[in-house]
Amino acid sequence: MDFYIMKIAFIGGGNMGEAMLTAVLDKKLAAPVDICVSDVSESRRQYLEEHYRVAVTASNREAVKNKDIVVLAVKPQNLPEVMVDLKGCLESTPLVLSIVAGVKISAICQGLGHRRVVRCMPNTPAQVGFGMSAWTATGEVTGEQKGQAQAILGAMGKEIYFDDEKYIDMATAVTGSGPAYVFLLAESLIDAAVNIGIPRKEAEELVSQMVLGSAHLMQKTGKPPAELRRDVTSPGGTTERALQVFEEGGFAKLVEDAVKAAYQRSKELGS
Ligand SMILES: NC(=O)c1ccc[n+]([C@@H]2O[C@H](COP(=O)([O-])OP(=O)(O)OC[C@H]3O[C@@H](n4cnc5c(N)ncnc54)[C@H](OP(=O)(O)O)[C@@H]3O)[C@@H](O)[C@H]2O)c1
């Protein structure tokens, strides 16, 4: 991918919009002068202009003028008004990249009267370059545009392309909401550590590094987690005793039920 070749509009400069903007600038996929962020919040516009030296506007129509890529990064409840605003403004060429949770490609195509759409589900670790994005595209998206989408999403961490949209709802339940599951486990572990006597500050440091190290170990060794779990579990030892308690409490089934509930909710939101 050549540097500085994309002209990008961000509709919505909130948490995820800013994460994507930071990644695009860090990886030099676009120059600040070729980026325009539109946001209803004046303080948000001011902040983004000062921090990133990009153009800002309150007008979505203004933002998309002469852009190659239009990123939709507003909350689902704000998308209908954005689509009404932008309908008829997008020429046939620009790529629309939506990160709006739960909104189907068909609704976006219909709402915008535009067929070149990528739908993506990133996650919050994208804010620090360790995101996991699942994405798909309509048949009208060109190979070059897929490359551009891949470069933008790859700039925030890792990305996986799916050729069927149904996988985006599934990924929403696993990697979109997933950081919250990991944080819940971390929270519970910190509380448990405090309850057996470790001071909270030290408990937080122990747990945070342990979660980071475990993820690195999984990625660097390429070993399945079950094998890594067995590696830590000596017969008759401390880990075995703890895992027994997890098993008796139905941990695996609980995780499965939670993911199914999130998947169901993701489908409901898109219907
Ligand atoms: N956070 C996540 O983990 C995550 C993960 C994957 C996908 N997503 C999706 O990413 C999208 C953005 O999430 P976020 O957390 O970045 O939300 P956010 O922080 O609320 O950002 C959205 C921004 O858009 C602005 N906005 C609202 N209506 C607008 C309009 N009509 N035109 C232009 N700007 C408008 C909002 O302003 P106000 O605040 O003043 O309304 C806000 O600054 C959501 O659809 C979400 O589902 C989020």
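Leaving aside neighbours within four places in sequence, V71 is in contact with I8, A9, F10, I11, G17, M20 and L97, where contact means that the C-beta atoms of two residues, placed from the backbone, lie within 7 Å. The model is predicted, so that local features need pLDDT of at least 70 and side-chain atom pairs count only at pLDDT 80 or more, while totals for chains, interfaces and linings use all residues. Residues are numbered from 1 along each chain as its sequence is written.

The protein chain holds 12 helices and 8 strands, which are DSSP runs numbered from the N terminus, with helices (H or I) of at least four residues and strands (E) of at least two. Its C-alpha trace spans about 65 × 40 × 35 Å along the principal axes. Of the 271 residues of the protein chain, 31% count as buried, a residue being buried if 20 or more other C-beta atoms lie within 10 Å of its own, exposed if 12 or fewer, and partly exposed in between, with C-beta atoms placed from the backbone.

**The sheet**

An open sheet of mixed pairing is formed by 8 strands in the order β3-β2-β1-β4-β5-β6-β7-β8, two strands being paired if DSSP finds at least two bridges between them. Because β3 (55-57) and β8 (157-161) stand at the edges with a single partner strand each, one side of each is left without a neighbour in the sheet. From one strand to the next, the twist averages 20 degrees. Helix α7 (residues 166-176) packs on the sheet, where it touches β6 (117-121) and β7 (131-137), and its direction makes about 175 degrees with that of β7; axes here are lines fitted to C-alpha atoms, for helices over the stretch in contact, and angles run from 0 to 180 degrees between N-to-C directions.

Strands β1 (residues 8-11) and β2 (residues 35-38) pair in the parallel sense over 4 bridges, and two facing positions are listed here.

| Residue | Position facing it in β2 |
|---|---|
| I8 | I35 |
| F10 | V37 |

In a regular strand the side chains alternate between the two faces of the sheet.

L112 lies in helix α5 (residues 105-112) and counts as buried because it has 24 C-beta neighbours inside 10 Å. Leaving aside neighbours within four places in sequence, L112 is in contact with M83, L86, K87, L90 and V96. The C-alpha atoms of L112 and V84, which are 28 residues apart along the chain, are separated by 7.2 Å. Helix α11 (residues 238-248), by contrast, is hardly covered, with a count of 0 buried residues among its 11 residues.

**Around the ligand**

The ligand is surrounded by 28 residues, and the closest are G12, G14, M16, N78 and A101. The elements that give two or more residues to this shell are α1 (15-26) and α4 (79-86), and the largest share, 3 residues, comes from α1.

Conventions
A residue is near a molecule or strand if its C-beta atom, placed from the backbone, lies within 6 Å of it.
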